Amino acid sequence: MKEYRSRIVDSILQDRLEAKGAVLIEGPKWCGKTTTAAQKAGSILHMDNPSEKTQNLDLAKLNPQRLLRGDTPRLIDEWQIAPTLWDTIRYEVDQRGLMGQFILTGSAVPPDTKDITHSGTGRFSWLMMRTMSLFESGDSTGEVSLKNLFEGNKDVDGENPNDIEKLAFLICRGGWPGAIDLDEKAALRQAFDYFDGVVKSDVTRADGIPKNEERVKRIMRSFARNQGSQAATTVIANDILANDSASVNEDTVHSYLAALRKIFVIEDMSAWNPNLRSKSAIRTSDTRYYVDPSIAVASLGAGPDDLLNDLNTFGLFFETMCVRDLRVFAESLDGTVYHYRDNTGLECDAIVHLRNGKYGLIEIKLGGDSLIEEAGKNLKKLASKIDTEKMHEPSFLMVLTGVGRYAYKREDGVLVVPIGCLRN
């Protein structure tokens, strides 16, 4: 049996189980939700087990309490195929009056919630799980800790283990747990198989509405080309027309993207809204991202060599990978990742904002002294706009790089940190 690799989310799940009667773990299929939950579970019910699925669905209607019997925490895997279980679990949590009774895992939002009568507030805790960060997969040394930076220790030091060829491979392999220990060819195959599964079945299961496979492919290709931007659905529709010689209207794009969100294939980033000294108008559109960079690469039919031959595209997909890792790290620090853009054209790729009000400003650059210099100036400019009488000063300013060899602090205080050195 394959040895379990520790995940950052392990300790978060334990904390949630101690604080609530039930924990719902959501996230993309094949990111490791069930395996992680099983480490904590006292008993397991696989709702989609082919040999028991019909019986499970019947019991969910006729005698749902029977499905909840077992040592706790009781893991209900792929619970969303029987949405009526939600209210039964909520009721059971109330009756037992104990914490840590159930773990629910699901790779999709239920397509039909009409039978769910209670939100679960006060009984459930929601936990988003993503694919593996480079630190979790063993591809980051973890010498620079975000937690330490927020605690005031900014004397960073570390050496990046990844050159540009390795970085291209890591982007294309993605953070899928099942791909981590495979040889290169097999590891790269996993994202393409995941993409095929989304196109052929998963996106239709999201809402039960049949999807045209070719349209799904076109929309996912266009979404990949527009990663890291605030592209509207009209932009994606026009991009498809320009690149695929096929028209797709805005309503179709909107419905297909909604389905992809339901199965956690895409995860847009909200805009940050700080208190500013200036009167700059903050742009509030979400930024487009895949939950893992390998999905974007697969949707374009690309591989490591393609990225190495097109550094602009490489940079976009590198940004997606960095955003994935920052989201994984921020979750463990009780934080959220945002982006910033205002009407003057000033942008910041990522802001890690903690619930306690602390935040760090991060620009993401594949590498290059001139790009790092420009990013540092951008960070200082944004920091100078923030009204520190109404909110904290930034805990740190960081340029997150791909191919720089070392992590260090510049004379102006800006940190330069390779993603291959970062951890939570």
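Predicted model: local features only at pLDDT ≥ 70, side-chain atom pairs only at ≥ 80, totals over all residues.
Helix 9 has two of the helix contacts described here, one with helix 8 and one with helix 10. Two packed helices are described by the angle between their axes and the distance between the axes. For helix 8 (residues 164-173) and helix 9, the axes come within 8 Å. They cross at roughly 45°. Angles from 65 to 115 degrees count as roughly perpendicular, and those under 35 degrees as roughly parallel. Helix 8 is therefore oblique to helix 9. On the helix 8 side, the contact uses Phe 169, Cys 172 and Arg 173. Their partners in helix 9 are Glu 184, Ala 187, Leu 188 and Ala 191. By class, this contact of helix 8 with helix 9 has 5 nonpolar and 2 charged residues, with no polar ones.

Helix 9 (residues 184-205) also packs on helix 10 (residues 213-225). Here the axes come within 10 Å, and the crossing angle is roughly 130°. Helix 9 is thus oblique to helix 10 as well. The crossing of these two helices is right-handed. Helix 9 contributes Phe 195, Val 198, Val 199, Lys 200 and Val 203 to the contact. Helix 10 contributes Glu 213, Val 216, Lys 217 and Met 220. The contact of helix 9 with helix 10 holds 6 nonpolar and 3 charged residues, and no polar residue.

Helix 10 in turn packs against helix 12 (residues 250-262). The angle is about 80°, and the axes lie 11 Å apart. Helix 10 is therefore roughly perpendicular to helix 12. From helix 10, the contact draws on Arg 215, Val 216, Ile 219, Met 220 and Phe 223. Helix 12 supplies Thr 252, Val 253, Tyr 256, Leu 257 and Leu 260.

Empty space inside the model was examined next. Rolling a probe the size of a water molecule over the atoms shows where empty space is left. A search of the whole structure finds 1 cavity of 30 Å³ or more. The volume of the largest cavity is about 90 Å³. Its lining includes Arg 7, Ile 8, Val 9 and Ile 12. Met 128, Met 129, Arg 130, Thr 131 and Glu 136 also line the largest cavity, as do Val 328 and Glu 331. Helix 1 (9-19) and helix 15 (311-332) are the elements that give two or more residues to this lining. The lining divides into 6 nonpolar, 1 polar and 4 charged residues.

Two backbone features occur in loops. Thr 72 and Pro 73 are joined by a cis peptide bond, with omega about -5°. Pro 73 lies in the loop between helix 4 (64-67) and strand 3 (74-77). Phe 264 has a phi near 60°, a positive value in a residue other than glycine. Phe 264 is placed in the loop between helix 12 and helix 13 (293-299).

Conventions:
Residues numbered from 1 in each chain as written. Heavy atoms only, no water. 1 Å grid on protein atoms, 1.4 Å probe; cavity = no way out; pocket = protein on both sides within 12 Å on 5 of 7 lines; lining within 4 Å. Points joined across faces, edges and corners; volume = space filled by probe spheres on them. Helix = DSSP H or I, 4+ residues; strand = E, 2+ residues; numbered from the N terminus. Nonpolar A, V, L, I, M, F, W, Y, C, P; charged D, E, K, R; others polar. Axes fitted to C-alpha atoms, helices over the stretch in contact; angles between N-to-C directions. Parallel < 35°, antiparallel > 145°, perpendicular 65-115°, else oblique. Left-handed = near helix turned anticlockwise from the far one by under 90°. Contact = heavy atoms within 4.5 Å.
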